[in-house]
Amino acid sequence: MTRQANKGGLDRRAFLAAGGAALGAGITGFPAVLRAQTESVKIGLIHPVSGFIAFSGNQCREGALMAIADINARGGIQSLGGAQLEAVLGDSQGKPEVGAAEVAKMAEAGIHGIVAGYASSISLATSQEAAKTNTPHVVDVGVSDEITKRGLENTFRFSPGYGKIAEFAVANLDTINKNAGSPAKTAMIIHEESLFGTGTANLLNAQLPQIGIEVVDTIKHANPTRDFTNIVLQIKSNAPDLIIPANYYNEYVLLARTMRQQQVSAKGIYSVLGGAASNYQFVAEFPEAADMIMDCNHWFDPNSEVALQRKKAAEDKGLYYTYEVFLAYNAVAFLADAIERAGSLDKAAVNAALAESTWDDHGMPYGPTKIENGQNQGAQPVNTQVLDGVIEVIYPDQFASAEAVFPMTR
Amino acid sequence: MRPLVVLAVTFALIGLAPFAIASDYWLNLVIMTLYAALLGQAWNILGGYGGQFSFGHAAFFGTGAYAVAVLQVELGLNPWLGLAAGGLLAAGVGAFVGFCTFRYGLRGSYFALVTLAFAEVLRILSNSVWFTGAGVGILIPLERGAASFQFVDKAGFFWVIWGMALAAFATAWWIGHSRFGAQLMAVRDNEDAARALGVDAFRVKMAAITLSGFFSGLAGVFYAQYFLYLDPYIAYGPAISVESLLVPIIGGMGTIFGPLLGAAALQAVAELTKEVVGEAPGISLAVYGTLLVVMVLFMPRGLAGLGARIAGLGPRARRRRAARLEARNA
């Protein structure tokens, strides 16, 4: 009661002054994209470049920018008189609502296509928002199968979805295990707590028993987790034949390092979309921890000249050529190819061109694109293994650069 | 009656937004401002008027959000019914948290920590049980139409959040002008003195936390229907709790308009920093944080307090003060 004067005690002038100040600030904050050029083809790039997945978001942004630079260097969109691609950058901050707001802002700016959003939750929100203006939206990394199952005519994914990856991972693990005389009978899953890790754990728990591997324990951890000592002690106590991590980069590195320090012995470490298992940075910085780890992940075709040239270009720029870089690169190139074939910036025409895409200049082990309900049917992961400090492809055979070493011989 | 008139005029002016704003981007900004104002007012009812600082309003927000999502996805319940259920369940969680804390006399930092713990417990639970989708989260099927609370255009969502915010702000006005509100503020200012005067502190705090939980739950329902996806971190994560208390702290705690001013200022600062510092990753957030620190340091009573202080410097205010002084001396 002593604060009565503070309780709604604004008079009209004070209120109008404060409201005016806030409105003024809002108006001066009017998006710069509205002042952008109109003759270029504007591609919105929305990634989590700040927040807890900023490393991956920044890698995505770099890959997408590389694609735009390459396409522009080749003369832009020929069917539009050599129109140059113009990147309009957005930061989702790792939050779906911020990603969706960026889409609305870009749509106002007359964006012609969007590549987003790294995480599945963000991709779900951005594609849904883009659907309201029928803006072509290509998902670069988000793996949730729901992304392309909602019937949105503007939403496409060049890379594989989760169901395909999990099916592939289990089938290949079965092959690798059987080829070695089935030494792996038990497995332990260590996963992060969000959609990606939990989804992986659920699928593997259901499918591993069908190939004769018993899951002896499943451990979930929070993001971030900085001490894996207790989890590794649990692994040692269970002594599984296979250790299956499903975590983001930092946690994966810490888990792998702790396992190495605690001298955990297992017949294999087999990741599904392992955050670091197929990452050049991890292999370069922690070669001992990375040694012999197998992964089922997005990867380029090691026999493709296109892929190797892009890898070299990325490394010349000081980038690690991670899956974020080449998937975002290809997502932009996939969209640019559709604009080229559409010969128009009409959104419906670009969406139709994406739906009919047969693009094959991607350097991925996919074959020409074949889109059904927005999903590229040819997209598939591969199995990699770190052998002597090099990430080698071990499956499928037609893309393999080395033989699998299993059981591992650490 | 003056604050009520200002409130009515303010909301009437905000209500012009769908007619005056053709841009989806700007309308979205208004919607998100009203959403933040609703969250902030929910916290303000308990923290600003009641003096009970909660660090865990995500517990109520997440309950409302998950209620509408789970009832829809698992039981096929219409989301409009889920709206009521979400608000009521969140109010129930508020009452439970209130009973567990006020019953045992927890105040100040102890109360704040316990509310934080409740939100964390609910986050872990939602990460573990099947019906919330556990860590995978829950996706509300896309089914555009007013009947399924998924409007085709933003104006529909605007009217929903406008209505929710108006209800919360009208409640805050009522608190400021009712016997219950007087008792609540008495408890805030000196609980022991209030008890000595016959105020049932437990009862009024329980009513405040239940009301606060209800409006937070409504904000959760709105979020779920607007973005159609939830996971434990989105629903029960600390970001929501921080946003809930930041809005009234910046705008002015214990005032009707504080949450609205705070929400508008936070949105404006966020957009402004994004535009000023451009596309450098994370810099806008650093500038945003610095600005908030400066605002809290130099405006301890929030924007509403600053407004009142500025108003106090005007010639009319000076004349009024002089007249009061003269009357006192006469």
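A nonpolar core is a set of buried Ala, Val, Leu, Ile, Met, Phe, Trp, Tyr and Cys residues joined through C-beta atoms within 7 Å. Buried means that 20 or more other C-beta atoms lie within 10 Å of a residue's own; exposed means 12 or fewer, partly exposed is in between, and C-beta atoms are placed from the backbone.

This is a predicted model, in which local features need pLDDT of at least 70 and side-chain atom pairs count only at pLDDT 80 or more, while totals for chains, interfaces and linings use all residues. Residues are numbered from 1 along each chain as its sequence is written, and chains are lettered from A and ligands numbered from 1 in the order in which they are written.

**Exercise 1. The core**

Find which residues touch the most other members of the largest nonpolar core.

Solution. Start with the core itself, which holds 229 residues. Those touching the most other members are V115(A), V332(A), L38(B) and I161(B). Next, look for the largest share: helix α3 (residues 24-47) of chain B supplies 17 residues. (Helices are DSSP runs of H or I with at least four residues, strands are runs of E with at least two, and both are numbered from the N terminus.) Finally, take V115(A) and leave out residues up to four places away in sequence: its contacts (C-beta atoms, placed from the backbone, within 7 Å) include V138(A), D140(A), A328(A) and V332(A).

**Exercise 2. The two chains**

Solution. Begin with chain A, which has 13 helices and 14 strands.

Now turn to chain B, with 16 helices and 2 strands. The C-alpha trace of chain B spans about 75 × 50 × 40 Å along its principal axes, and 54% of its residues count as buried.

**Exercise 3. Domains of chain A**

Work out how domain 1 of chain A meets domain 2 of chain A.

Solution. First set the bounds, which come from an automatic or database domain assignment: domain 1 covers 37-160 + 303-379, and domain 2 covers 163-297 + 383-399. Their C-alpha centres lie 29 Å apart. Then count the contacts: 15 residues of domain 1 touch 14 residues of domain 2. On the domain 1 side, these residues divide into 9 nonpolar, 5 polar and 1 charged. (Ala, Val, Leu, Ile, Met, Phe, Trp, Tyr, Cys and Pro count as nonpolar, Asp, Glu, Lys and Arg as charged, and the others, Gly among them, as polar.)

**Exercise 4. A helix up close**

Check the span of helix α12 (residues 238-251) of chain B and find its buried residues.

Solution. The helix has 14 residues and reaches 20 Å from its first C-alpha to its last, close to the 20 Å expected; the expected span is 1.5 Å times one less than the number of residues. Next, burial: 10 of the 14 residues are buried, including I240(B), L245(B), V247(B) and I250(B). Lastly, G252(B) follows the helix, with a positive phi near 135 degrees.

Note on methods: Two residues are in contact if their C-beta atoms, placed from the backbone, lie within 7 Å.
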